[in-house]
Amino acid sequence: MKILIASDIHGSAYWCARLLEEFENEGADKLVLLGDLLYHGPRNDFPDDYSPKKVFAMLNAIKDKLVCVRGNCDSEVDQMVLEFPMMADYALLETNGKRLFLTHGHLFNKENPPLLQKGDLLLNGHFHTPCNQEMENGAIYINCGSVALPKDETPHSFIVLEDNTLSWKDLETGGMFDYLEL
């Protein structure tokens, strides 16, 4: 199974459309969205082509391919317009013999991890900066970066998980800028 993982669209119709183009280009089976789908948040500037209505229409069109969790900018009002669930603080997914703990990052993160075992993956967004590192207990912390509002001069990014490889990709160029063999 090929999974595309992204976070922090923050209501940007431009970057959501680019993400969905890459989802199609990659031929992925599932799109995992790690929160902050529609609202930009009070500390963020408006992202490019800020239009939550366009974003929810694009996402609703592929609702059967989505796995989503709630971010700190997501609310019950957002859930009312979405045709797929996104209010859970985390989701567990198993693929290729790996257990993935999917969360936004504002509740569970590398400083406040859930109970994980060696080899488990903790995936989140929230910090808008791509990274990966092994944690003390042997679990692996993964941040996919941000689709719409990257920080620390990192690219607009997403991850492709295929077989036992995570590939970080630049949403502007489609090029890979980092990878991790699991």
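Visitor: In what order do the strands of the open sheet of 6 strands lie, and with what pairing?

Guide: As a general idea, strands of a sheet pair through backbone hydrogen bonds, in either a parallel or an antiparallel sense. In this predicted model, the open sheet of 6 strands has the order β3-β2-β1-β9-β10-β11, and its pairing is mixed.

Visitor: Which strands stand at the edges?

Guide: The edges are formed by β3 (66–68) and β11 (176–181). Each has a single partner strand, so one side of each is left without a neighbour in the sheet. On average, and with direction ignored, neighbouring strands of this sheet are turned by 20° against each other.

Visitor: In which sense do β1 and β9 pair?

Guide: Strand β1 (residues 2–6) and strand β9 (residues 157–162) are antiparallel, with 4 bridges between them.

Visitor: How many bridges join β1 to β2?

Guide: There are 4 bridges, and these two strands run parallel. Leu-4 has Leu-31 of β2 as its bridge partner. Between the two strands the chain passes through α1, and this β-α-β crossover from β1 to β2 is right-handed.

Visitor: Where does helix α1 lie?

Guide: Helix α1 (residues 13–26) lies across β1, β2 (30–33), β9 and β10 (165–170). The helix runs at about 165° to β1.

Visitor: In which sense do β2 and β3 pair?

Guide: The pairing of β2 with β3 is parallel and comprises 3 bridges. Leu-31 has Leu-66 of β3 opposite it. On the way from β2 to β3 the chain crosses through helix α2 (residues 52–60), again in a β-α-β crossover that is right-handed.

Visitor: How many disulfides does a search of the whole structure find?

Guide: The search finds 0 disulfides. The reasoning rests on distance, because a disulfide requires two cysteine sulfur atoms within 2.5 Å. For Cys-73, the closest cysteine sulfur is that of Cys-144, 15 Å away, which is too far for a bond. For Cys-144, the closest is the sulfur of Cys-131, at 10.0 Å, again too far for a bond.

Visitor: Are Cys-73 and Cys-144 buried or exposed?

Guide: The cut-off for a buried residue is under 20% relative accessible area. Cys-73 counts as buried because its relative accessibility is 13%. Cys-144 also counts as buried, with a relative accessibility of 1%.

How values were computed. Residues numbered from 1 in each chain as written. Predicted model: local features only at pLDDT ≥ 70, side-chain atom pairs only at ≥ 80, totals over all residues. Heavy atoms only, no water. Buried < 20%, exposed > 50% of the residue type's maximum accessible area, 1.4 Å probe, protein only. Pairing = 2+ DSSP bridges. Axes fitted to C-alpha atoms, helices over the stretch in contact; angles between N-to-C directions. Contact = heavy atoms within 4.5 Å. Right-handed = clockwise from strand over helix to strand, strands pointing away.
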